[in-house]
Each structure stands twice: as structure tokens, then as C-alpha cells.
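Open the model in your viewer and switch to cartoon view.

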Amino acid sequence: MLEEALEHLVKGIVEHDGDVVVRSKGGRHGDVLEVRVHPDDLGRVIGRRGRTASALRTVVGALAGGQKIRVDIVDTDRLR
């Protein structure tokens with residue numbers, strides 16, 4: 001559920017919404033949601049001074065209902 005909600009939010013921000021991928025991984029300290037976007041959209045998802053990324057983490061944390069969750073925005077260096 002959290003993956004779908006985060007994916008929906010990120011797709012509303014980016015221009016290349018077909019390249020948005022959200023993966024869930026279990027970790028020692030809780031679950032990790034990895035967000036991968038098109039390299040041109042990375043700045044949009046992070047935002048100025050990380051404000052957009054911080055807002056996304058706040059919303060997902062509220063949706064998690066006390067469950068430990070971490071949101072990582074992964075920088076992919078792939079060729080276009």
C-alpha cells in the first residue's frame with residue numbers, strides 16, 4: 001500500500017512518469033522504499049534544499065502508522 005501511494009505522489013511531480021519505480025526492501029531497522037526516476041526528474045523529486053523529498057518522507061511516515069519506514073531517492077547514472 002505504501003509503495004503505491006508513494007509512486008502516485010512521485011508520478012504527480014515528474015515529467016517522465018513511466019520511469020518511476022518504487023521498490024520495497026526489508027532492512028534491519030525497518031522497511032526501505034527506494035524511489036528511482038528518470039535522471040532529468042531527479043531534481044524535481046528532491047526539490048530545493050530537499051524540501052520535496054522531506055515532504056514525501058513525512059507523508060509516507062504518516063501513512064505508515066508508526067511502522068518504521070525509510071524513503072530513499074536513488075540516483076541512477078544510466079545512459080539516455
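Select H1 and H3: they are roughly antiparallel to each other (the term covers angles over 145 degrees). Helix H1 spans residues 2-11, helix H3 residues 51-64, and they pack at an angle of about 155 degrees with axes 10 Å apart. Axes are lines fitted to C-alpha atoms, for helices over the stretch in contact, and angles run from 0 to 180 degrees between N-to-C directions. Helices (H or I, at least four residues) and strands (E, at least two) are DSSP runs, numbered from the N terminus.

This is a predicted model: local features need pLDDT of at least 70, side-chain atom pairs count only at pLDDT 80 or more, and totals for chains, interfaces and linings use all residues. Residues are numbered from 1 along each chain as its sequence is written, and side-chain values use heavy atoms, leaving out hydrogens and water.

Now show side chains. On H1, pick Leu2, Ala5, Leu6, Leu9 and Val10; they meet Leu56, Val59, Val60, Leu63 and Ala64 in H3 (contact means heavy atoms within 4.5 Å).

Next, the sheet. Its 3 strands form an open sheet in the order S1-S2-S3, with mixed pairing (two strands pair if DSSP finds at least two bridges between them). Select the edge strands, S1 (21-27) and S3 (69-74); each pairs on one side only. The twist averages 25 degrees from one strand to the next.

Click Ser24; opposite stands Leu33 in S2.

Finally, bring the helices back. H1 lies across S1, S2 and S3, at about 30 degrees to S2. H3 lies across S2 and S3, at about 150 degrees to S3.

Methods: Parallel < 35°, antiparallel > 145°, perpendicular 65-115°, else oblique.
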